[in-house]
Amino acid sequence: MDTITLPAKIKALYQALAFVEKAAQSCGWEGDRAKLELMAEEIFVNIAGYAYGGEEGLIQISCGAEKGMFLMQFRDRGKPFDPLKQPEPDLQSPAGQRPIGGLGVYLTKTCADRVSYQYEDGTNILTVGMYLQKEEHYENH
């Protein structure tokens, strides 16, 4: 997998998105680019905004193909946070009455074919996978 390490700052977002986009192309991923960028952006922005509590930190992004999937893996050494254990957002209430946050995790879980989280050796590891070819999704379910 190709890897890039960036400062956990919003100003590095475009560099992160360019890296993910290039990796997806080189792996032959055929999915929706807008969804890919949305997921990568939401994850990066959440780490940059919350993982280090305002302190300096790094985000490591690794991308590659494995077992018919394009994988994005985000690593940070911020406070432990399992986004998969967060409650589903309230999508029924009017937007102005909903608590802020939670939609990025929900969108990622909805758009991806596989999402996993682990905390290992002081590192948050979030892995997001999408099938390389659309038809593989239907064959494996």
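Helix α1 passes helix α2 in a right-handed crossing, that is, with the near helix turned clockwise from the far one by less than a right angle. This is a predicted model in which local features need pLDDT of at least 70, side-chain atom pairs count only at pLDDT 80 or more, and totals for chains, interfaces and linings use all residues. Residues are numbered from 1 along each chain as its sequence is written, and side-chain values use heavy atoms, leaving out hydrogens and water.

The axes of α1 and α2 (lines fitted to C-alpha atoms over the stretch in contact, with angles from 0 to 180 degrees between N-to-C directions) come within 10 Å and cross at roughly 140 degrees.

| Helix | Residues in the contact |
|---|---|
| α1 | Leu13, Ala16, Leu17, Val20, Glu21, Ala24 and Gln25 |
| α2 | Arg33, Leu36, Glu37, Ala40, Glu41, Phe44 and Val45 |

These residues divide into nine nonpolar, one polar and four charged.

Now to the loop between β3 and α3 (103-111), where Lys79 is found. Helices here are DSSP runs of H or I with at least four residues, and strands are E runs of at least two, numbered from the N terminus. The C-alpha atoms of Lys79 and Tyr52 are separated by 6.5 Å, although these residues are 27 apart along the chain. Beyond its neighbours within four places in sequence, Lys79 is in contact with Tyr50, Ala51 and Asn124.

Technical notes. Contact = heavy atoms within 4.5 Å. Nonpolar A, V, L, I, M, F, W, Y, C, P; charged D, E, K, R; others polar.
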